[in-house]
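Colleague: I would like to learn how to read a model like this one. Take me through it feature by feature.

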Amino acid sequence: PIKLADHYNGEQCAISFELFPPKTDAGMDLLEKNVERLKAFQPSFFTCTYGAGGSTQSRTLDVVQRVRELTGLPVASHLTCVGSTVGQLGEYLAEAKRRGADYIVALRGDPPKGSESFQAVEGGLRYANELVELIQERFPDQFGIAVAGYPEVHQEATDAQTDLDNLKRKVDAGADVIVTQLFYDNDDFYRFRDACQAAGIRVPIVPGILPVTNYKQALRIAGMCKARIPDQMAAAMNENDDADYQFKVGVDHARVQTIDLIENGVPGIHYYVLNKSDAAGQMLDGLSLGMQS
Ligand code: FAD
C-alpha cells in the first residue's frame, strides 16, 4: 500500500512545503521559480491546496503535475468535500491518480463566506472522515492520506476531547498521517501530541508552521484559523513597522519553533510557504534537520 507515513521514519526530520494554485500565468511562473529554490532544502514532498471554486480545482492538479515534473518529487493534492457529490469526488481522485498524485490531504473544507456552518451538498459528504472512507473504499491502498489536526482545537468543535475523538475517526478510517493547523506556540503542539497519544492515535503527527512575514498578515491569519499569536511575538512585531524588521521577526520566530520541534523529536515539519521561498529559505538556511534522540 502507498503510505505517506513512510516519509517519517528516517533519521532526518522530513520537511514538506505547501503551495496553492496561482490564479495567473505570471503567478505560476513565480511558483515554479520558488519551487526550484525550495527543492534545495530537500523536501520529502510538496502539497497543493484545493480551493472552493470550480476553476481552482483543476488548477490544483495542474500544480501537482507541474511540480512533479520540475522536481521529480511526490506532490500531494488537497481535496475537500465542499460543493462535490461523492461521484465528483471519485472522479477527482481518479484524475489525481492519472496526473501523478499518490497522496491526498483529505479535508472537509470551510463553510462558504458569510455562512456559519458547513452544509453538505446533496449526495455529498459532511465530514473529512467520510472522505477518508471514500478514498479507501474506491481506491484501497492507492493513496497515502493526510488529515488535519488542530493543536488549538477546531473552531467549530464544542470541546477539545470531541475534536480529538473526531480526529481519531479520520485515522481509524485510514488516514496515515496527521498534519496540523499552524500555531506559534510549540507548547500547544506538545499538549496536542500528548492528547493524541493518550487517545490511542499512533500515526505520525506533523506540525504545520508558517513563517509570517508581517504583523498584518499574522493578524489576518490568526483571525482566519484561530492561531493565537503569543504576546511576546506580537510585542516584538509591533515594535517597528519597518517591513524588513517584521519579516526578520517572523522568520526568526519560525526558525526558533523549528529548532525546538526538532529537539523535541517531531518526525517532520510541514511549511505553509504560500508559494514563496524567501522566508522559508532564510528560516531553513544552515539548519540541521538531523534527529536528536
Ligand atoms: P473535519 O475533520 O470534518 O472536522 C470539522 C469539524 O467537525 C470539527 O469541529 C470536528 O470536530 C467536527 N467533526 C469531524 N468529524 C465529525 C463527525 N464524524 N461527527 C461530528 N462532528 C465531526 N481548506 C480548504 O478549503 N482547502 C485546503 O486545501 C485546505 N488545506 C488544509 C490543510 C491543513 C493541513 C489544514 C490544517 C487545514 C486545511 N484547510 C483547507 C482548512 C480546513 O478545510 C478547515 O479547517 C475546515 O474547517 C475543517 O476541515 P477538516 O478536514 O479538519 O474537517
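Colleague: Start with secondary structure. How many helices and strands are there in the chain?

Modeller: This is a predicted model. The chain holds ten helices and eight strands. Its radius of gyration is 18 Å, close to the 19 Å from the globule rule for 293 residues, so the chain is as compact as a globular protein of that length. The C-alpha trace spans about 50 × 45 × 45 Å along its principal axes.

Colleague: What pLDDT does the chain average?

Modeller: Where pLDDT is low, the predicted coordinates should not be read in detail. Here the chain averages 95, and 98% of the residues score at least 70. The model scores are ipTM 0.99 and pTM 0.97.

Colleague: Now the interior. What share of the 293 residues is buried?

Modeller: Buried residues account for 42%. Of the contacts between residues at least 6 apart in sequence, 82% join residues at least 24 apart.

Colleague: Which residues in the largest nonpolar core touch the most other members?

Modeller: The general idea first. In soluble globular proteins, nonpolar side chains tend to be buried together. In this chain the largest nonpolar core has 81 residues, and Ile 104, Ala 106, Ile 145, Ala 146 and Ala 175 touch the most other members. Strand 4 gives the largest share of this core, five residues.

Colleague: Pick Ile 145. What does it touch, leaving out residues up to four places away in sequence?

Modeller: Ile 145 touches Leu 4, Ile 104, Ala 106, Val 132, Ile 135, Gly 174, Ala 175 and Asp 176. Two of these partners, Val 132 and Ile 135, are buried residues of helix 4.

Colleague: Stay with helix 4. Which elements do its buried residues pack against?

Modeller: They pack against strand 3 (75-80), helix 3 (86-98), strand 4, strand 5 (144-149) and helix 5. The buried set is Ala 128, Asn 129, Glu 130, Leu 131, Val 132 and Ile 135.

How values were computed. Residues numbered from 1 in each chain as written. Predicted model: local features only at pLDDT ≥ 70, side-chain atom pairs only at ≥ 80, totals over all residues. Helix = DSSP H or I, 4+ residues; strand = E, 2+ residues; numbered from the N terminus. Rg over C-alpha atoms; globule rule 2.2 N^0.38 Å. Buried ≥ 20, exposed ≤ 12 C-beta atoms within 10 Å, placed from the backbone. Contact = placed C-beta atoms within 7 Å. Core = buried A, V, L, I, M, F, W, Y, C linked by C-beta atoms within 7 Å. pLDDT = per-residue confidence, 0-100.
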